[in-house]
Amino acid sequence: MVEQIDLTQVNWARAQFALTAMYHWIFVPLTLGLSFLLAFFESIYVRTGNEEWKRLTKFWMTLFGINFAIGVATGIILEFEFGTNWSNYSWMVGDIFGAPLAIEGIFAFFLEATFFAVMFFGWNKVSKGFHLFSTWMVAVGSSLSAMWILVANAWMQFPTGMAFNPDTVRFEMQNILEVILSPVAISKFCHTTSSGFLLASLFVVGVSSWFLLKGKHQLMAKRSIIVASVFGLLSSAYVGFTGDEAAYTVAQKQPMKLAVMEGLFQGETNAPLVVAGLINSAKEPADTQKPFFAEIKIPGLLSLLANREFGSFVPGVDDLVYGNKEHNIVGASERMERGKIAIHQLKTYKEAGKNGDTATAEAALIAFHEYKDDMGYGYLNNPAEAVPPIGLTFYAFHIMVILGSIFPLVFLLFLFFSFKGELLYQQWLLYLGILSVPLGYIAQQTGWIVAEVGRQPWAIQGLLPVTVANSNLTTGTVQTTFFIFLGLFTLLIIAEISIMVKQIKIGPEEE
Amino acid sequence: MIGNLDYSILQIIWWIIASVVGSLFLFLNFVQGGQTLLFTVPKGEEEKTLIINSLGRKWELTFTTLVLFGGALFAAFPKFYATSFGGAYWVWMLILFTFIIQAVSYEYRKKECNFLGAGTYEAFLFINGSIGILLIGTAVGTFFTGSSFSLNDYNQVTWQTPYRGLEAARNFFNLSMGLFLVFNARVLGAMYLVNNIDHKPLTDRCRKSAWISFLWSLPFLGYVLVNLLSMTGYAVNPESGEVFLQKGKYLQNLFACPAPGLFLFGGLILVIYGVTLTCFKGKNNGIWFGGVGTVLVGLAVFFLAGFNNTAFYPSSYALQSSLTIYNASSSHYTLTAMTYVALGIPFVLAYIAYVWKQMNNKQLTIAELREEDELY
């Protein structure tokens, strides 16, 4: 049978992927948003002909380039890591998962790579119009790139448009449009890219605030703040709207993830939304302990947000692990039993086929098809394994939401005082602008933690647990590469921050 | 029309597409080759900056082509992706490390407070151009010499050596393939710099360097060619799918259809012509002949490995675990869908060519660099 790998090795492989993905995700959101801000700045320059806007564009472009380079460096490993560390995954779902990655390469990366060179080095080589077009193409390419990788990621959260082929022992694509246009893919793309726009706006506001506090480059800083605050405010609103949609799709497609995001153990009609809480980490599914030491709740709101219906039932961890007949929920415990039958029948089918025993093979295949939807659960050893880490997911989700609620206010305040012409006198706000930059990064990282930790223990939600998805490597091998990545990426990020800080201190070129 | 194509035709089309992308990558390795010239060819900081800024405007194309090569293989031949990357772990990881350190080096080398110092970033570029390409070459060599792995009924790979792919470098054929690619990349790099830079003392040294690298490449090329055309290869019985060893398999493949032979010899002649133009005729356009020649040689290599009932990723340990373009591919549906997607590739190539022309219509000079405020 598909062998399960030593858990220690799997955990190191997970750690390595988490490490590389989180490092990569430090840089990508800024690229996503700053590329559009550059396009806005340069559009104003081309429209007005005012050289000050060109200087401004070039200054932010320098910071963009520093960030972009390390984003590229940390990104290449992710694509190949699917093969190196998750080779069984690559085989079992490569038929579906490889397509968006290839499309990303063809239609997004080349757009970015080709026009990036024009954007940086083409000021004196191409016309103003073509240069502006190139800057826009870098922005469009960045978002297209995000779209395709998020289509792939969304498919891991909500596998659709495919079927399992017992002969090839893999999932095969049946409908590419279902994969691309799945509701999870759309909401994930909208939410993630707009959060990148938000972060970049915070970054521009934060750096500009520092200039204002230092009394340097004031005109450039004020102009940057106005454009970034408008973009940030619009993005924040969109992040909120798409966040609600993303949470709704999670509720519909990944109810276990929603349950742990909210620390909801026992399902409820008229379920409350936990605004903040202190999780009881000793709590296990179906035991009698309270899930929280303390919490603030809004009654009924979770039911409304999760199902768009007041008073509706939202399943909790206990329901999803052990089932709930009243609400027709089949628990992981029952699905495990069905999954083990599917695995057994698949094995019988393969062996009978090899031995030429057609009758047995056919019977096994029929039985397999009856249970195949739960095959992934058959690899779990305990129904509680179907529960993602609760504390990490819960806190990450709530930190993200709380921070996401603060940012629109920050942009509003900057706009208000900008239009009143009093920004320079609001030192507290300028400090808040600087503080918002790290907070934006924390919101980004916690967002990814919710998405990925909340998917555990699955590589492909409900179909393929991580324990079956990884490569047949020794723990020592993965540990070695983990520490190499840790060391190398840490060195590079120190270099990146050091260069970035220096370039900010240098500021835009003199007139 | 595409929707009606046979599965086997689609598998062939995708091997051709993967081969084209892989071969274009070998041409674009002029960036890596140029990086290995940094410590020997330029005299002084300005010339070094000239080289880095010339290559720096193209490095992302090479990098992206590598990513696309990986993506195309993942989408079209996922069993290869899973087997090779999951099995030959160390060789791929080391290749990737060299590309990670390359990606930051152009941008960070000259920036103030870059933490590691300019010399370190230059060393990174050298490592990428030498060790990175050497390892890629040895990995390509295993398409002919085989690797030590087995697959179970569920296509899970078990690698038979603890070196995880690095053992390929102990085989002189694989090593020769790698060294040939390194020297060929240096030839291409030098020819590209001649084409892109207007600074005679430097380009004169580049011309000399191209010739020396070309001479160095010859023994390795000769060793690869002689062995390739005389070695026992991994043949596949088209009826049963059984893999067996066949003497002179790749020589047979060379003559089984005209394309590989024409590409191989035509490509080599073009490379030689490009080198001759650059090194002895004082021309600047040798890179185009060398580049097209390299693409053709690359296509020949990939076609010899994959077509005419041949296992393109053979297992020397368990013959029947060997991968062919037929048993390693994606499903009929996925290949069909991806073929529609591939119709966009000419459009992508067209805008790359247009932008290339726009950016390279004037050669780079030291005077221009002195005026530029955005420099690598």
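Axes are lines fitted to C-alpha atoms, for helices over the stretch in contact, and angles run from 0 to 180 degrees between N-to-C directions. Helices (H or I, at least four residues) and strands (E, at least two) are DSSP runs, numbered from the N terminus. The structure is a predicted model, in which local features need pLDDT of at least 70 and side-chain atom pairs count only at pLDDT 80 or more, while totals for chains, interfaces and linings use all residues. Residues are numbered from 1 along each chain as its sequence is written, and chains are lettered from A and ligands numbered from 1 in the order in which they are written.

Between the two chains, helix 2 of chain A (residues 51-85) packs against helix 5 of chain B (residues 78-87) at an angle of about 85°, the axes being 6 Å apart. The two helices are therefore roughly perpendicular to each other, a description that applies to angles of 65 to 115 degrees, whereas angles under 35 count as roughly parallel, over 145 as roughly antiparallel and the rest as oblique. Helix 2 of chain A contributes A:Phe80, A:Gly83 and A:Thr84 to the contact, and helix 5 of chain B contributes B:Tyr81, B:Ala82, B:Phe85 and B:Gly86; here two residues are in contact if their C-beta atoms, placed from the backbone, lie within 7 Å. By class, this helix pair brings together four nonpolar, three polar and no charged residues. In this classification Ala, Val, Leu, Ile, Met, Phe, Trp, Tyr, Cys and Pro are nonpolar, Asp, Glu, Lys and Arg are charged, and the others, Gly among them, are polar.

The contact between the chains takes 62 residues from chain A and 58 residues from chain B. On the side of chain A that touches chain B, two or more residues each come from helix 2, helix 3 (87-121), strand 2 (170-173) and helix 16 (475-506) of chain A. Helix 3 of chain A provides the largest share of that side, 25 residues. The residues on this side of chain A comprise 36 nonpolar, 17 polar and nine charged.

The largest nonpolar core contains 286 residues, and those with the most contacts inside it are A:Leu37, A:Trp60, A:Ile76 and B:Leu96. Such a core is a set of buried Ala, Val, Leu, Ile, Met, Phe, Trp, Tyr and Cys residues joined through C-beta atoms within 7 Å. A residue is buried if 20 or more other C-beta atoms lie within 10 Å of its own, exposed if 12 or fewer, and partly exposed in between, with C-beta atoms placed from the backbone. Helix 3 of chain A gives the most to this core, with 23 residues. Residues up to four places away in sequence being left out, A:Ile76 touches B:Val67, B:Leu96, B:Phe99, B:Ile100 and B:Ala103. A second, separate core of eight residues includes A:Ile343, A:Leu346, A:Phe368 and A:Met375.

Chain B has 15 helices and four strands, and buried residues make up 60% of its 376 residues. Its radius of gyration is 21 Å, which agrees with the value near 21 Å for a compact globule of 376 residues; the radius is taken over C-alpha atoms, and the globule rule is 2.2 Å times the number of residues to the power 0.38. The C-alpha trace of chain B spans about 65 × 45 × 45 Å along its principal axes. Of the contacts in chain B with a separation of 6 or more, 77% are between residues 24 or more positions apart.

Several loop residues were also examined. In chain A, the peptide bond from A:Gln456 to A:Pro457 is cis, with omega near 10°, and A:Pro457 lies in the loop between helix 14 (427-453) and strand 7 (458-460). A:His217, in the loop between helix 6 (183-214) and helix 7 (218-253) of chain A, has a positive phi near 45° and is buried, with 20 other C-beta atoms within 10 Å.

In chain B, the loop between helix 12 (286-306) and helix 13 (332-342) holds B:Asn309, whose phi is positive, near 55°. B:Leu323 is found in the loop between helix 12 and helix 13 of chain B and counts as buried, with 27 C-beta neighbours inside 10 Å. Beyond its neighbours within four places in sequence, B:Leu323 is in contact with B:Lys79, B:Phe80, B:Thr83, B:Ala311, B:Phe312, B:Tyr313 and B:Ala328.
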